[in-house]
Amino acid sequence: MEKLISEFSSGLFFWQTLIFVTLIFLLRKFAWKPILDTINEREKSIRDSLNSAKEAKKEMENLQAENKKILQEARAESDAMINQAKQSGKELVEKAKSDARLEAENILAQARTSIENEKRSAMNEIKNQVADLSIDLSLIHISEPTRRYAISY
């Protein structure tokens, strides 16, 4: 360091300072401003991109929430439809059972009526046969004593 101080040249210092200042001025005028403008522009585009990404993320979250809501509504609706179908099936089975019971009761009532009618008819026929047999027996019995009397005389 002492060597630099002892060999100091003021002319060289002046020219170096002048070249440095000129270089700074030229860089500022031709390079520094465009570089800063480019950097600022890049920073702005990055900021805009980040804002767009945040908005897209919010929109995506809103869409996901809406999709969840729609999915829950669809599930609730399908559950309601399934329950309704089950209920309709149960009602249909109960109606079929009820109709079958009524039909069976009607068939039984008709069968009882038919049996009762057949029983009456059979009873009437038996009564008629008994009456015919009684008449036949009485005719036979009446005709036999007259023959006996006719033979014994």
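These are my notebook entries on one predicted chain and what I looked up in its model.

**Ground rules.** The model is predicted, so I took local features only at pLDDT of at least 70 and side-chain atom pairs only at pLDDT 80 or more, while totals for chains, interfaces and linings use all residues. Residues are numbered from 1 along each chain as its sequence is written, and side-chain values use heavy atoms, with hydrogens and water left out.

**Overall form.** I looked up the secondary structure and found two helices and zero strands. Helices here are DSSP runs of H or I with at least four residues, strands are runs of E with at least two, and numbering starts at the N terminus. Helix α2 covers residues 10-152. I then took the extent of the C-alpha trace, which spans about 205 × 30 × 15 Å along its principal axes. The radius of gyration is 63 Å, whereas a compact globule of 153 residues would have one near 15 Å. That radius is taken over C-alpha atoms, and the globule rule is 2.2 Å times the number of residues to the power 0.38.

**Separations along α2.** I picked two pairs. Gln129 and Glu41 are 88 residues apart along the chain, and their C-alpha atoms are separated by 128 Å. Ser121 and Ala74 are 47 residues apart in sequence and 69 Å apart in space, C-alpha to C-alpha. Gln129 lies in helix α2, and Ser121 is found in helix α2 too.

**Surface.** The accessible surface of the chain comes to about 14800 Å², and 61% of it belongs to carbon and sulfur atoms. Areas come from the Shrake-Rupley method with a 1.4 Å probe; for residues, only the protein chains shown count as cover. I asked what share of the 153 residues is buried, and the figure is 0%. Buried means under 20% relative accessible area, exposed over 50%, and partly exposed in between. Gln129 counts as partly exposed because its relative accessibility is 44%. Ser121, at 40%, is also partly exposed.

**Nonpolar patch.** Phe14, Trp15, Leu18 and Ile19 form a nonpolar patch on the surface, with about 450 Å² of accessible area together. A patch takes residues with over 30% relative accessible area and no salt bridge, joining like charges within 9 Å and nonpolar side chains (Val, Leu, Ile, Met, Phe, Trp, Tyr) within 5 Å. I checked Leu18, which sits in helix α2 and is partly exposed at 38%.

**Charges.** I counted 24 positive and 24 negative side chains, and the centres of the two sets lie 6 Å apart. Lys and Arg count as positive and Asp and Glu as negative, without His or the chain ends; each charge is placed at NZ of Lys, CZ of Arg, CG of Asp or CD of Glu.

**Salt bridges.** How many salt bridges does the structure hold? It holds two, by the rule of a Lys or Arg side-chain nitrogen within 4 Å of a carboxyl oxygen of Asp or Glu. Arg47 meets Glu43 at 2.9 Å, N to O. Arg47 is partly exposed at 42%, and Glu43 is partly exposed at 43%. Asp99 pairs with Lys95, the closest N and O atoms being 3.3 Å apart. Asp99 is partly exposed at 38%. Arg47 and Glu43 are four residues apart in helix α2, about one turn of the helix. Asp99 and Lys95 also lie four residues apart in helix α2, about one turn.

Notes: Buried means under 20% relative accessible area, exposed over 50%, partly exposed in between (1.4 Å probe, protein chains only).
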